[in-house]
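Keep the sequence and the structure in view while reading.

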Amino acid sequence: MLSFNDVTSRRTLSLLGACAVTVSVAACGAHSDATPPHEVRGQRVVYIPGLTGNPFYTSVSCGAEAEARKRGIDYSTQGAAEFSVQLQTQIVEAVAASHPSAIMIAVTNPKAMIAPLREAKREGINVITIDGDLSDKSIALTNIESDNYRGGQLAGEKMAQLVGRKGDVVDIDSATGSVVAEARREGFIDAIKRYPQMNFIGVQYSENSQAKAAQIASTLSTSNPNLVGIYAQSTNNTAGAITGLREVGKTGKVKLVGFDVSDPIIEALHAGEIEATVLQDPISAGRLGIDSAARAIEGKPVERDQQPTFAVATPQNLDDPVIKAHMYKTHC
């Protein structure tokens, strides 16, 4: 999830639920019909991302747009250029006033967005949260969100493999207070706890700044001779850590496991400047959002919680079809 403290991330190995198979893919069940999707013509769905121009949110929209086209649903995206509760509230109110059949939304704050979305629900609009639930779980019809704890476990398992199951590792996060980041960190820590010679030395906060993440990575990797790995949560922290390790000649010496992806991170994977990054599946999340809206419109049951898959990308598996399917888009 791309949380309100994880502004431009984003906001992951098995193909079935809490299961785990290899290649580096993990997932938890979402609804699937054996029959082709029914058309729901005359209905309208609006997606409100955390902000526009972010690859994760763009990918959600691409998946939703493709599924809406199949079903004959009128689909559009309306969002602000910055991650702002105030701006998102204004957009929700304006969209709700136009009475769409459903609103799909990546909330900027799980508490602050309760009031405007509760009002939308009162107006008969189906509310579908993507990449993060509201604190009041009675409002959203369904929440479509990766299992962030499991994503953290995958990162921890990969890190342990990379560092030979021993040495100091650190987490670079954006800011305190993010439920998503805490779940990813908890999963990571629990995964490496199995190895007594691995030592988690804490978390450093970057304020979601690539420059600050780079500074943290370079400082820690040169000042701590026992540091063998950095876990970087979010796109900005991952990209910043890549830069920081490169600047002090620690690329490959200090292993880097990131979370989410962007064009610079993909370039770094090809160049061998990062060992792995955990990918979510925002395209499938968008498809599930439209599927859920269509089912609600048709009076069919909708699962309350749906979890898209994760995949772990490495320099060695970039051509794997599963990895390619999880790569984020900058345009549809």
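Helices (H or I, at least four residues) and strands (E, at least two) are DSSP runs, numbered from the N terminus.

## Basis of the model

This is a predicted model, in which local features need pLDDT of at least 70 and side-chain atom pairs count only at pLDDT 80 or more, while totals for chains, interfaces and linings use all residues. Residues are numbered from 1 along each chain as its sequence is written, and side-chain values use heavy atoms, leaving out hydrogens and water.

Side chains of opposite charge can pair when their charged atoms come close. A salt bridge is a side-chain nitrogen of Lys or Arg within 4 Å of a carboxyl oxygen of Asp or Glu. The structure holds 16 salt bridges.

One of them joins R69 to E65, with the closest N and O atoms 3.1 Å apart. R69 and E65 are four residues apart in helix α1 (residues 55-71), so about one helical turn separates them. R69 is exposed at 55%, and E65 is partly exposed at 31%.

## Other salt bridges

R118 and D136 also form a salt bridge, at 3.3 Å from N to O. This pair links distant parts of the chain, 18 residues apart: R118 lies in helix α3 (residues 114-122), and D136 in the loop between β5 (126-130) and β6 (142-144). R118 is partly exposed at 31%, and D136 is partly exposed at 21%.

E157 pairs with R150, the closest N and O atoms being 3.3 Å apart. Here E157 is partly exposed at 29%, whereas R150 is buried at 11%. A network of salt bridges links E67, K70, R71 and D291.

## Helices α4 and α5

Two packed helices are described by the angle between their axes and the distance between the axes. Axes are lines fitted to C-alpha atoms, for helices over the stretch in contact, and angles run from 0 to 180 degrees between N-to-C directions. The axes of α4 (residues 148-162) and α5 (residues 179-192) come within 6 Å and cross at roughly 40°. That makes α4 oblique to α5, since angles under 35 degrees count as roughly parallel, over 145 as roughly antiparallel, 65 to 115 as roughly perpendicular and the rest as oblique.

Contact means heavy atoms within 4.5 Å. Among the residues that meet are Y149 and M159 in α4, and F188 and I192 in α5.

Technical notes: Buried < 20%, exposed > 50% of the residue type's maximum accessible area, 1.4 Å probe, protein only.
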